[in-house]
Amino acid sequence: MDFDDTPDEAAWRAKVRAFIEEHREELGRRGDEQRFDDQVARARQALLYDGGLVGVTWPVEAGGQGGTPMQQAIVDQELARAEVPGLINLIGIGMCGPTVIHHGSPEQHRRYLQRLLRADDVWCQLFSEPASGSDLAALRTKAVRTEDGSWRISGQKVWTTLAHLADHGIVLTRTDPDVAKHRGLTMFVIDMKAPGVTVRPLRQMSGGADFNEVFFDDVVVPDEERLGDVGDGWRVALTTLMSERLSLGGGGTEIGVGSAAIAEHVARHVGDLPADRQALVRQDLGRAYVDSLGTRYTGYRQLSAISRGDLPGPEASAGKLAGTKSARDLADLAVRVLGDDAAYAVGADGSSTWQDLQAVLPGMAIAGGTDQVLRNVIGERVLGLPPEPRADKGVTFRESLAAAGA
Amino acid sequence: MNFDLDDEQRDLAAAARDFLAGSASPAVARTALDADDPAAAELAPGRDALVASGFATITVPESAGGGGGSLLDLAVVAEQAGRVLAGPSLITFARAAVLLADDEERLARLVDGSLRVAVVDGTGPVLDAASADTFLALRGDDLVCGPGAVDVRAPIDPTRGLGQVVLGDVEVLATDARLRWEHAERVGRVVLAAEDLGAAGRAVEIGVAYARERHAFGRAIGSYQAVKHALVDAYVQVEQLRSLVWWAAWAADQAVDELPMAAAAAKAAAATTLTTAAETLIQVHGGIGFTWEHDAHLYWRRAKVDRFLLGDDVAAYDEVARLAIAAALATGGPSPEAGARAEAAVAAR
């Protein structure tokens, strides 16, 4: 057991670090920008791509480096350490791209993949709908084949991160309502600038607006943009979701904010409190801090497994579940120690760091799999507990809609 | 990075499992609980068999006849001991091995079983006092050793052999021994957390097995999210505890400056996790879960006692917070909160 890099890993880390040093100012720092500028973010990703630090695990033919997940994890660690802002095309790289690699045509590979890695094109993933979130396979957006072989897509997607900036997306549609819900789905690449696509930003409880609702009104999509066979969209979507797990492989990176930063913040405030109050604050800090350490070292176990060449399994869901919880507890404490400022959105000194974080974290327990869905995944696929009976099993999608009175 | 057990440690775990599961069990713990005289209650595997197995003194150097192994090796064994509620505790042997590190003669007697020792913390209940006749204690800054009078009172968990100890004529083994004492205490906390890891992991297994076979309202109760999610939450805690135990044991072996934080975190997490796992085990079983005949309460008893051993969980959480605050004040870098502010800004975007 050791926490050190192997010689190969150390050499790779040194290379990554040197690149970041060399381009330190161009890469920028988290929190530098008052407003998010997608052109700056695209340029940053292009710079990193040209340095070989984007798409590390992607095959060389797909524009990647043909590297290992451990090398990618090292890149992630070093970028985080240097406070380099996250990649704009994170969803494209983690989810859309792998789906195109696995199920797309050679022509689609040529057209899309390298541009995606360089953020020449930004991608979004169009899965959730107003009537189907956790129950993704119950989605209603229709794709209907026309006489010339192309498809017409109509319907609505929601919670679509970056749709307002995206050039392309992968969209999961229903092509046959008269079979079971999982069987009648088909996946396409869609041009987000095509006629009939309307994007409306949604404002989140934190005040930010980086996700959207997306309307499709008879949008024409050529058959060449289909990913996988007609009716095979569920299997294609599973590739996307598996890739998401790989891209979020954990590896001990913390959700929301580092526990060390919270400890530092608490350390500077706790002395102002009466002694009995200090003791209570230390209990809160101790509990949340232990949880965050548990999450960090569990992430290191996953990283070790990745380093051996294992793929992250369903147990990786535990990292997000536990990490979200400890992040929320730590943020709650961070706001609490602000004293009289804790009830205001902005402190007397003009800072709103902790209040902002507090308002962001409830969404973390929902985005990318709700806490409840993750518990089902762990319960059923790790512990082997039986699944909840499905009321829509053994019926067609049309019948299940009728039964629900929809 | 390789944060995992190696093949030898896996083999060690398998061997320990064979020995411990073959000799100890919750059923033996129940029998001990039924004993009329708690001082005479039989533990399994018991002090003699545990010493004879060699597992108890893995961390004693080979020069003194011990196993010459690491604390991580012992933690791997302790997890197996916890699964079957074995007694006496490996904590006692691990602490004694540290305290007697430069006393070859006593170490040899620890290994051959003739030194039946327990470690006394202040005036509180002493772990494994019931099976001991020699006691190690800290007086001022002196490490002392000698006989003592043991009063074994009605136990909540009979496998811990708790008793009140009044020391007799003691001999000073070492002066200026406070640091060594504190190190031994931290090593003990790691082993405690490892035993609790085993007990909590086993409690979740038993609960999962029952939830798969027990039916209510026409289906297995484990298919209901209320039951499933409770078991998942306990399982996630167990896996987090496993990571902390491995880290803390590794720190004791390889990075002793990380040990105070790691040992306190492992101790605190162990108390919380075993409580969650044992209470979930009872709840999932319904009526049968709180009968005398069922094993659930034996794990629950372990939880209710272990949380107070080597300092209670509240003190351990407090220590974690104090260490984290002290570390933050010590570093106090040029851009306080920079990372946090930045990440919050990104997340809020």
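In this predicted model, B:Leu85 counts as buried, because 30 C-beta neighbours lie inside 10 Å, and the threshold for that class is 20 or more. The residue is found in the loop between H4 and H5 of chain B, and its phi is near 55°, a positive value in a residue other than glycine. The loop between helix H4 (71-83) and helix H5 (90-99) of chain B is also the place of B:Pro88, which is joined to B:Gly87 by a cis peptide bond with omega of about -5°. Most residues other than glycine have a negative phi, and most peptide bonds are trans. A further cis peptide bond in chain B, with omega of about 0°, joins B:Ala44 and B:Pro45; here B:Pro45 is found in the loop between H2 and helix H3 (46-53).

A positive phi also occurs in chain A, where the value for A:Leu162, likewise a residue other than glycine, is near 70°. A:Leu162 is found in the loop between strand S3 (151-161) and S4 of chain A, and it is classed as buried because 22 other C-beta atoms lie within 10 Å, where 20 or more are required. Strand S4 (residues 168-174) of chain A, at the other end of this loop, pairs with S1(A) in the parallel sense over four bridges, and within this pairing A:Val171 of S4(A) is the bridge partner of A:Leu126. Strand S1 (residues 123-126) of chain A is covered on both faces, with A:Trp123 and A:Gln125 buried on one side and A:Cys124 and A:Leu126 buried on the other.

Considered as a whole, chain A has 13 helices and eight strands. Buried residues make up 44% of the 406 residues in chain A. Of the contacts in this chain between residues at least 6 apart in sequence, 72% join residues at least 24 apart.

Chain A is divided into domain 1 (7-88), domain 2 (123-237) and domain 3 (248-381). The centres of domain 2 and domain 3 of chain A, taken over C-alpha atoms, are separated by 33 Å, and the contact between these domains involves four residues of domain 2 and seven residues of domain 3. By class, the side of domain 2 of chain A that touches domain 3 of chain A has one nonpolar residue, three polar residues and no charged residues. An unreviewed UniProt entry lists residues 124-219 of chain A as "domain: Acyl-CoA oxidase/dehydrogenase middle"; in the model this span is 0% helix and 49% strand, with its end C-alpha atoms 17 Å apart.

For chain B, an unreviewed UniProt entry lists residues 187-326 as "domain: Acyl-CoA dehydrogenase/oxidase C-terminal". Over these residues the chain is 78% helix and 3% strand, and the end C-alpha atoms are 22 Å apart. Helix H10 of chain B, which covers residues 296-306, is largely enclosed by the rest of the structure, because nine of its 11 residues are buried. The buried residues of H10(B) are B:Ala296, B:His297, B:Leu298, B:Tyr299, B:Trp300, B:Arg301, B:Arg302, B:Ala303 and B:Asp306. The packing partners of these buried residues are helix H2 (26-34), helix H7 (178-213) and helix H9 (259-285) of chain B.

Between the two chains, 54 residues of chain B are in contact with 62 residues of chain A. On the side of chain B that touches chain A, at least two residues are supplied by each of H7, strand S8 (219-220), helix H8 (225-254), H9, helix H11 (313-331) and helix H12 (338-348) of chain B. The largest share of this side, 15 residues, comes from H8(B). By class, the side of chain B that touches chain A has 35 nonpolar, eight polar and 11 charged residues. Helices H7 and H9 of chain B, which each supply residues to this side, are also among the elements against which the buried residues of H10(B) pack.

Terms used: Residues numbered from 1 in each chain as written. Chains lettered and ligands numbered in written order. Predicted model: local features only at pLDDT ≥ 70, side-chain atom pairs only at ≥ 80, totals over all residues. Buried ≥ 20, exposed ≤ 12 C-beta atoms within 10 Å, placed from the backbone. UniProt positions renumbered as here; feature names shortened; annotations may be inferred. Pairing = 2+ DSSP bridges. Nonpolar A, V, L, I, M, F, W, Y, C, P; charged D, E, K, R; others polar. Domains from an automatic or database assignment.
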